[in-house]
Every structure is written in C-alpha cells, then in structure tokens.
Amino acid sequence: AGSSQAADDPGMQQLVDELRQLSEKSRRERAADRWLQQALEDLVARYDWPWRHELVFDDFSDGDYTRNPRWEVRAGRFWVVPDRGLRSRAEVSASPAGEGAQREKPRIGQIIIGALLEEALRDDKGSPAATQEIPGEPAEILLRQAISNAFAISTEFSLETPDGPGRFALSLLQSGATQYGYRLRVQTGSQGFIELERIRGGRSAVVDSAPLKRDIGDGALHQLGWRQRPDGQVVVELDGEPLFKVRDKAFRDPYQELILSHWSGDLTLRSLRVDGTP
C-alpha cells in the first residue's frame, strides 16, 4: 500500500527520494550503525516507486486490440467485448477418438510409481509443482514494446473455469527468437498457484511460487501485480495481497515483447498497464 501511495503522491515520492539520497550518503560515509542503515533502506524500499514512466496502458475501450497499442495474435482467437475487455476462450484438448483403446492398460507397478511421482512433485506447501501441465497449445497474443529491465505490471482479469483448472501467463522476453526473460503463470482450481519462471534459451526454471488460498477461476474480476525493482527484488501480488517476494537479477537488458498466453477457461483481460524506469 505504501508504494502505491508514493506513486499517486508526488510530494511523498520527493520525500522518499531525499531519504534515498540520505541513505546512500550514510552508507558511503559509514555515518550510521548497521541497524539504522538497514532501517533507512527498508523505509525507502517500502515507499519508493521507481517506475515513473508509463510504457503501456490498454483497457480496450476503443474496441480494437490492433492499434494504440497494437497486439498481434500468434495462436488461437482473441476479441474485444465492449465494456469488458479482451476475451479468449480455450478448452483443454481431449484425446482423439480411439486413442485410449490403442494404449496398453497400465500395470500395477506403473500405477504405484505414478502415484509416488505425483506425491514427490508437490512442494512443501502442498501446492502442485511447476511440472504440472495442462495439455494443448495455448492461445497467444503479443505486444512488441520496449520495457525497461525494472518494471511494474498491473492487470485486471477474470477467468471462468467451470470444467477444471484454468491457466494463463504473462511473459516478458528480451527476444522472441532466443527466448530470454520471465514468465508469470497463474493456475486456478482447488490446487491453484502462481509461479514465476526464468527463461533461458527457451528452457524455464521456477524462481518462486505460491499456492492460492481460494479458487480464482470464479469469473470475478481480480487484480494481478508483478513488479521488479532496479535491485532485482520481485514482488507478486493478487488483489493487493503479496504472494511472494524474491530477488533475481538474471537479466540486465530491457525487454522487447510482452506475451499473453492462455491454455484453458474463459479469460477476460479488463486492463493492462506497464510502468518502467528511465
């Protein structure tokens, strides 16, 4: 809450800037003891809002996702519904007819091993591990936009998934060809979770994740916040509640693409805003 107040109040942000300068001078000159120095830095980090340049804003109120800004559909179907936002509907692909009959029935040993693996792939919080997959290729829409290495993304969305878990993701990539960047994945359902992935050369690894306390595939409007500070600290929030904080400085260059991927459910993106640093 403190950071959003600084973003909306120039006077508070000016005070935070002065506190930052004092903190930096104190550290250089070793003018404060360790406790006071840490307290100053924590205060600055709590109220500072370094993302002061609006890079992207779209609430789709013009009814057209192809201009101001220009989104490009890479797979699936997207459309704009007046007064609601960008829509996409995706269903989990079913197995082709007859495929099950061609498969050999699993043996009891395979069943036991499968159950043990499923249990092992759960993290210590009881949420599914990152390897849990929803089959099928996602619908994807792309925005080509230069985004600073430190960024703040906020979006309003709804996802209705009456037939099982739903999933969508936001990705920031430095280059679509080489696949370096981050992906924030959201999965609904009784074992829903949000996880942050680091992508290198097309391969992904989980940076951090958090289980969701409730199923957000309810069709209601939710707010998702994803911020990374210049020092690498990442904060992910859902409906104003912090889910996790982690520090990751894998990339230093700006990003060139923002991608929305959608695997299953009825997704509405009501608005999206990206702020950056100089």
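**Salt bridges, burial and strand pairing in a predicted model**

Me: Why are the side chains of R185 and E197 said to meet in a salt bridge?

Reply: Their N to O distance is 3.3 Å. A salt bridge requires a side-chain nitrogen of Lys or Arg within 4 Å of a carboxyl oxygen of Asp or Glu, and the pair of R185 and E197 therefore qualifies. R185 lies in strand β8 and E197 in strand β9, so the pair ties together parts that are 12 residues apart in sequence.

Me: What kind of model is this, and how are residues numbered?

Reply: The model is predicted; local features need pLDDT of at least 70 and side-chain atom pairs count only at pLDDT 80 or more, whereas totals for chains, interfaces and linings use all residues. Residues are numbered from 1 along each chain as its sequence is written, and side-chain values use heavy atoms, with hydrogens and water left out.

Me: What makes R185 and E197 buried or exposed?

Reply: R185 has a relative accessibility of 5%, and E197 has a relative accessible area of 4%. Buried means under 20% relative accessible area, exposed over 50%, and partly exposed in between (1.4 Å probe, protein chains only). Both R185 and E197 therefore count as buried.

Me: Which other residue forms a salt bridge with R185?

Reply: R185 also forms a salt bridge with E195, with the closest N and O atoms 2.6 Å apart. R185 belongs to strand β8 (residues 181-187) and E195 to strand β9 (residues 193-200), so this pair joins parts 10 residues apart in sequence. E195 is buried, as is R185.

Me: What makes R70 buried or exposed?

Reply: The relative accessibility of R70 is 53%, so the residue passes the limit for exposed. Its side chain meets that of E72 in a salt bridge, at 3.2 Å from N to O. R70 and E72 are linked with R144 and E257 in a network of salt bridges. The count for the model comes to 17 salt bridges.

Me: What makes β14 mostly covered?

Reply: Of the 22 residues of β14, 19 are buried. For the chain, 43% of the 278 residues count as buried.

Me: What makes a set of residues the largest nonpolar core?

Reply: A nonpolar core is a set of buried Ala, Val, Leu, Ile, Met, Phe, Trp, Tyr and Cys residues joined through side-chain atoms within 4.5 Å. The largest such set has 42 residues, and those with the most contacts inside it are L86, L196, L224, W226, L258 and L260. Strand β14 (residues 255-276) gives the most to this core, with seven residues. Leaving aside neighbours within four places in sequence, L258 is in contact (heavy atoms within 4.5 Å) with residues including W71, I141, L143, I153 and V274.

Me: How do you know where confidence is lowest and highest in the chain?

Reply: The pLDDT is the predictor's confidence in each residue, from 0 to 100. Its mean is lowest in helix α4 (residues 99-102), at 36, and highest in strand β11 (residues 222-228), at 97. Over residues 94-132 the pLDDT is below 50, and this stretch has 22 contacts beyond near neighbours in sequence. Where pLDDT is low, the predicted coordinates should not be read in detail. The mean for the chain is 81, and 75% of its residues reach 70 or more.

Conventions. Helices (H or I, at least four residues) and strands (E, at least two) are DSSP runs, numbered from the N terminus.
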